[in-house]
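Colleague: Before we talk, could you put the sequence and the structure on the screen, so that I can follow each answer against them?
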Amino acid sequence: MPERVNRVALASSWVIASVLALGLVAPRTALACSCMAESVEEARARAAAIFEGRVDAIAPAEDQLAVRIHVTQAWRGVDHETIEVRTGDANDLCRFEFVVGEHYLVYASRDEASGRLFVSLCSRTRLASAADEDRQILGSGTVPIDVASPAPSAGASSAEGRPSEDEAGARPATHAGCASCSVASSSPPRGVGAIATLLLAALATRRRARR
């Protein structure tokens, strides 16, 4: 009988220890990502940036993951075609599981300390294929376009609108004053000389006839 009581007591102690262990671990896991689902209106009011795009790359960054996204449509807080957001690393139970190549509708908050955009599992961020309701409520977004400055072309004009010295030197002159005038020949044209010779011969013949 005492041996049976000891076995029951041992089993009870093991069960109690297991329950206590679960009680210590489970609340931490639950509280780590304890958040309530947000409506589109609530998420829109809270987000610092709202956009849709394709994940191009994910890389470790300090104790987080840096996610580079090519933006295809934006509603708030985005001015460029490419944007970086942060999420937790593998040790963060609230990290959002981005996948390279997938398209997402992102609701990002802004970290006050670093100023970076941050996305967690508690945000309304989701696959773009599951965001029809969001797009209907958000309406039409904008498409950010990065405009690159054109490279200066050869022979660019000066700030005052005048051609540069190199350009002026390479360009042939079309109106250069006397420099473009041809020098007249000292001898008369052949046609004029022949006519003058005939006239002189005619005058000489006429004078001889008079004599």
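Colleague: What is the torsion about the S-S bond of Cys-35 and Cys-122, and is the disulfide left-handed or right-handed?

Modeller: This is a predicted model, and in it the sulfur atoms of Cys-35 and Cys-122 lie 2.2 Å apart, as a disulfide. The torsion about their S-S bond is about -85 degrees, so the disulfide is left-handed.

Colleague: Which parts of the chain does the pair of Cys-35 and Cys-122 tie together, and how many residues apart in sequence are they?

Modeller: Cys-35 is partly exposed at a relative accessible area of 39%, and Cys-122 is partly exposed as well, at 27%. Cys-35 sits in the loop between H1 and H2, whereas Cys-122 sits in the loop between strand E5 (117-118) and strand E6 (126-127), so the pair ties together parts that are 87 residues apart in sequence.

Colleague: How many disulfides does the structure hold, and what is the pairing when the bonded cysteines are numbered in sequence order?

Modeller: The structure holds 2 disulfides, and besides the pair of Cys-35 and Cys-122 there is one between Cys-33 and Cys-94, with the sulfur atoms 2.0 Å apart. With the bonded cysteines of the chain numbered in sequence order, the pairing is 1-3, 2-4.

Colleague: How many aromatic pairs does a search of the whole structure find, and which residues form one aromatic cluster?

Modeller: The search finds 3 aromatic pairs, and in one of them the rings of Phe-96 and Phe-98 have their centres 4.7 Å apart and their planes at 55 degrees, so that pair is tilted. The rings of Phe-96 and Tyr-104 have their centres 5.8 Å apart and their planes at 80 degrees, so that pair is edge-to-face. Phe-96 counts as buried at 11% relative accessibility, and Tyr-104 is buried at 4%. The residues that form one aromatic cluster are Phe-96, Phe-98 and Tyr-104.

Colleague: How much space lies in the largest pocket, and which element gives the largest share of its lining?

Modeller: The space in the largest pocket is about 250 Å³. Of the 15 residues that line this pocket, Glu-38, Arg-46, Ser-109, Cys-122 and Ser-123 are the closest to its centre. H2 and E4 are the elements that give two or more residues to the lining, and its largest share, 3 residues, comes from E4.

Colleague: Where does Glu-62 lie, and what is its phi?

Modeller: Glu-62 lies in the loop between E1 and E2 and is exposed, with a relative accessible area of 69%. Most residues other than glycine have a negative phi. The phi of Glu-62, by contrast, is a positive value in a residue other than glycine, near 60 degrees.

Colleague: How far apart in space are Ala-90 and Asp-63?

Modeller: Ala-90 belongs to the loop between E3 and E4, and with a relative accessible area of 61% it is exposed. Although Ala-90 and Asp-63 are 27 residues apart in sequence, their C-alpha to C-alpha distance in space is 9.2 Å.

Technical notes:
Residues are numbered from 1 along each chain as its sequence is written. This is a predicted model: local features need pLDDT of at least 70, side-chain atom pairs count only at pLDDT 80 or more; totals for chains, interfaces and linings use all residues. Side-chain values use heavy atoms; hydrogens and water are left out. A disulfide is a pair of cysteine sulfur atoms within 2.5 Å. Helices (H or I, at least four residues) and strands (E, at least two) are DSSP runs, numbered from the N terminus. Buried means under 20% relative accessible area, exposed over 50%, partly exposed in between (1.4 Å probe, protein chains only). Rings of Phe, Tyr and Trp (its six-membered ring) pair if their centres lie within 6.5 Å; planes under 30 degrees apart count as stacked, over 60 as edge-to-face and the rest as tilted. On a 1 Å grid over the protein atoms alone, a cavity is a set of points where a 1.4 Å probe fits but cannot get out, and a pocket is an open set with protein on both sides within 12 Å along at least five of seven lines; lining residues have an atom within 4 Å of a point. Grid points are joined across faces, edges and corners, and a volume is the space filled by probe spheres set on the points.
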